[in-house]
Amino acid sequence: MIGTLDLLGRPAILIDQNGFVAAVNDNASKLFDDDLSVKGRRLFAADAQSRLRLDRLITQVRFLSGKPGRSTLQTVVTRSQRRPIVIDAIVQDWESAGDPLLPDMGALLILTDLNEIPRVSQSSVMEIFGLTPAQARLGSLLVEGKSLEEIAFYMNISSGTARNHLKAVFLRTGTRRQAELVSLLSRLL
């Protein structure tokens, strides 16, 4: 399970019912630094408030693990020089969920680095919406947070050409505003 999330580019950590780290995928390991790490098989946050929030999350996981049903919890780890990391914890009775390999598992933690720049596959955008390579590139750059002026400069085209590409992208995707387009394309991440 954790390896599959790694293939999808999602940082993930498995913790057992006692709150100890059981497994960390490569993408999660890349996020570890002075602000968030594993110490003594426990997740550790350097920031005092983040440490309290993380301890509260682990306490909730310990309380809910092994109980019937599924719960989703969330917390935030503040970082000193970058945007925070959001941690979503999926807690369920893994054994009764049909996964006998994870009987002592407490939760699957999925980490989201808010500093990460999303990347949308241009080839997927072209195939799904019938866009030209230039139109798909424009859409992908919008998802990365670039302005239309920056995109025109980056693609070495005029602002007018960039606006024409954007109009064509709106038409083919059924969107009307840049925010709506970015929201749509972000679902392809």
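A salt bridge here is a side-chain nitrogen of Lys or Arg within 4 Å of a carboxyl oxygen of Asp or Glu. Keep that in mind as you walk through this predicted model, where the count comes to 4 salt bridges.

**First stop: R82 and D33.** Select this pair and look at the closest N and O atoms, which are 2.4 Å apart.

**Next, R41 and D16.** Here the closest N and O atoms of the salt bridge are 3.6 Å apart. R41 lies in the loop between β3 and β4 and D16 in strand β1, so the pair ties together parts 25 residues apart in sequence. R41 is partly exposed, at 45%, whereas D16 counts as buried, at 14%.

**Now select helix α8, residues 178-186.** Look for L181, L184 and L185, which are buried. Seen down the axis of α8, its buried residues fall within an arc of 90°, so they line one face of the helix. What covers them includes α4, α5 and α7.

**Last stop: the largest pocket.** About 520 Å³ of space lies in this pocket. Select G9, R10, P11, E116 and P118, the closest to its centre of the 16 lining residues. Strand β7 gives the largest share of the lining, 3 residues. By class, the lining has 8 nonpolar, 3 polar and 5 charged residues.

Notes. Residues numbered from 1 in each chain as written. Predicted model: local features only at pLDDT ≥ 70, side-chain atom pairs only at ≥ 80, totals over all residues. Heavy atoms only, no water. Buried < 20%, exposed > 50% of the residue type's maximum accessible area, 1.4 Å probe, protein only. Helix = DSSP H or I, 4+ residues; strand = E, 2+ residues; numbered from the N terminus. Arc of directions from axis to C-beta. Contact = heavy atoms within 4.5 Å. 1 Å grid on protein atoms, 1.4 Å probe; cavity = no way out; pocket = protein on both sides within 12 Å on 5 of 7 lines; lining within 4 Å. Points joined across faces, edges and corners; volume = space filled by probe spheres on them. Nonpolar A, V, L, I, M, F, W, Y, C, P; charged D, E, K, R; others polar.
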